[in-house]
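Morning, everyone. Please look at the model on the screen while I talk.

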Amino acid sequence: MSERKFGEGAQPSPVLTRRRLVLSGSLLGGALVVGYAATNFGAIAAGALSVGAADASPGVFGPFIKIDEAGWVTVVNRYQEMGQGTHAGLAAIVAEELDADWEMVRFESAPANAAVYRDVTMGIQGTGASHAIAGSWDQVRQAGAAARTMFVQAAARKWSLPVDSIGVRNGVVYHLASQRSATFVDLLADAAKIAPPEHPKLKDPKDYKLIGTEIVRRKDSQSKSNGTELYTQDVRLPGMLVAMVAHPSHFGGKLGSLDMGAARKVPGVVDVFEIASGVAVVAKDTWSARLGRDALKINWDDAKAETRSSDELRALYREIAKGKTDVTGSTFQTKGKVDDAFDGELFEASFDFPYLANAPMEPMNCVASVDGRRVKLTFAAQIQTVDQINCALAAITLPDMVEIETLLAGGSFGRRGTLTSDYIVECVNIARHVGGGRPVKLVWTREDDMSSGYYRPMAHHKVSIKCDEGGLPTAWRHNIVSQAIVPFGANELPTHGVKNSPYLSVASVVDAKIFTPKLAVPPGLWRSVGNSQSAMVMEHTVDLLARRATRDPAEYRRAIFTKVDDVRKLAVLDLVCKKAGWGSPLDAGWARGLAIHECFGTVVAQVAEVSVLGGNLRVRRVVCAVDCGIAIAPNQIAAQIEGGVCFGLGAALYGRITLDHGIPQETNFDVYRVLRMDEAPAVETHIVPSKKTPTGIGEPGVPPIAPAVANALLSLTGRPTSSLPFVI
């Protein structure tokens, strides 16, 4: 790895031309300002920045590849690297098609420029939906193949030889018959003069030497392990100030009265002032800012705040699901004639899910400076395009005047991807008040991070199912109660994993609705989003139905998947059962539970071995089978599945944010438990061989673990699980 320093690779702020002002200004003054009231926010957001497209100047090998005179091949990663290993996968794709020396491949984060680096599916530059590899597969392969072709053509011209007689291997271009060879460095100047081909020839997967091998490993392990990796908290700039913010104690609360006299007297405090989200204390260092904030005397106005407790909200959600309130449901899937389909004997169940914090190891933080119309941000940006737009609105400027240098993130799990850019806008507001282009670092403590919301929303699912004589569903009614995770469009995200499920497909009648209560508690993205709840509902329900029909859970699922011709799930089911020894004897007091779920294009099956020892639930082994298309980096796939299992298991065992009269009670890891190392199960990952386009892997390992454990508990105790976290 080469040494990377703060500021390297940063792009200068674009010049404000009349063209930018007119085009960007027209977009900024339209739908974006009016509450982002657009059916396709991605297209409008990308459009707001596409005015800079003509000024983009990618290198000779395009925007994703840089090759320098020292022989380093740098792959430009347009996504946020937050621990999922995206950089290694993208680098491997480029290196494979380029035939580069893997030891001479490195990566850097792309600048914020949606005109060049937008995700082809989302329409904006950002990271989400486990889409980094899947969204880049064709584009990055072509970039690598094009660069390879340029080197081959350069050698052919230099040696006066046919192009098809020249090969490339490990960064060396060669002609076997004449024993001529040259490195990328030798041919760099000549290759730079050749226009990249529009449709370069791609490798056949059977010829891959790097993709799918154990060679592909992370490129940031050394810097992270020796402490040289740069995170936002490590940033130090000349004249930089540090800010902390006092936020309302209740969601939806406002500032009532403020006495800032004592805070201003704290040594090191530079300024104290009100901002939209609370009261900012700006100081020369973090500790002074903290002491200054502690010295504030604030009375909050909670007249319009959320003051209900979790138990009250849970009871309300149950009433909503029964149709006993004025919250109207909207249909997200319907099939057949409902009429009398649900008359007679029904299977019924309901499930409750608490609010959950994302709780990444690195709390929210940001460095910003505002100098007139120019805004410079340095932080772990996840949705760069959205952040540019929101910060432009805050600073009264244009999106392409907001420069972002993206750093690596110490985790996110969805928290850094809020569509309000809450803490980032907060930092910009503070920097704008300070003015003069002086940098300000906003620091949130762990308590700030965990008590300020953007939680996985509380949810309630209620199902009513009619079955045929074989126990398979013939009619499925499903009511979901959940806040809207995004502020526009239909409330779709909580339905993911339910909508179009094979378990609904097998039924001839489907009546599925979602109810969207409006609360002041801000909901947000959480790793695997709605799938983390729906998998529990669907997979535990299916085990309960299998038990009701006195059928083996694996055989019951196999019957459904066969009936709806879901060959991928059948293959994953067969693989996980084989590897887990499904049906074979276990030690006394232990049981297996099975769950299968598809999200972000990937199917994951898990079998958990579970026991209850001394009143404590223990998971000792989890066997996983994964169909994620072609496996770019098997080690990274295994790592993401292992991490997803542990993340999801910790949430299922302990995760909850409890509101007491509207105030979050779990604000640090002493009470918001995560899975500890001695509680982590042995995780085995088995990948289904495939040559299909790769699909997501960062999130799909999370959803199946909770229902796999619940189903094992059902086998052990005969008792269903109706809420999380587990209660033993």
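How many cavities of 30 Å³ or more does a search of the whole structure find? Three. A cavity here is a set of points on a 1 Å grid over the protein atoms alone, where a 1.4 Å probe fits but cannot get out. Volume is the space filled by probe spheres set on the points, with points joined across faces, edges and corners.

Before going on, the ground rules. This is a predicted model, so local features need pLDDT of at least 70 and side-chain atom pairs count only at pLDDT 80 or more, while totals for chains, interfaces and linings use all residues. Residues are numbered from 1 along each chain as its sequence is written, and side-chain values use heavy atoms, with hydrogens and water left out.

Back to the largest cavity. Its volume is about 110 Å³. It is lined by 14 residues, and the closest to its centre are Arg456, Ser532, Gly648, Ala651 and Leu724. Lining means having an atom within 4 Å of a point. Helix H18, residues 634–654, gives the most to this lining: three residues. Helices are DSSP runs of H or I, at least four residues, and strands are runs of E, at least two, numbered from the N terminus. By type, the lining has 10 nonpolar residues, three polar and one charged. Ala, Val, Leu, Ile, Met, Phe, Trp, Tyr, Cys and Pro count as nonpolar; Asp, Glu, Lys and Arg as charged; the others, Gly among them, as polar.

Now charges. Side chains of opposite charge can pair when their charged atoms come close. Our cut-off for a salt bridge: a side-chain nitrogen of Lys or Arg within 4 Å of a carboxyl oxygen of Asp or Glu. The structure holds 39 of them.

Look at arginine 218. It bridges to glutamate 81, with the closest N and O atoms 3.2 Å apart. That pair links distant parts of the chain, 137 residues apart. Arginine 218 also meets aspartate 220, at 2.8 Å, N to O.

Arginine 218 is partly exposed, at 21%.

Last, the surface. Lysine 206 is exposed, at 62%. Its salt-bridge partner is aspartate 207, at 3.4 Å, N to O.

Conventions:
Buried < 20%, exposed > 50% of the residue type's maximum accessible area, 1.4 Å probe, protein only. 1 Å grid on protein atoms, 1.4 Å probe; cavity = no way out; pocket = protein on both sides within 12 Å on 5 of 7 lines; lining within 4 Å.
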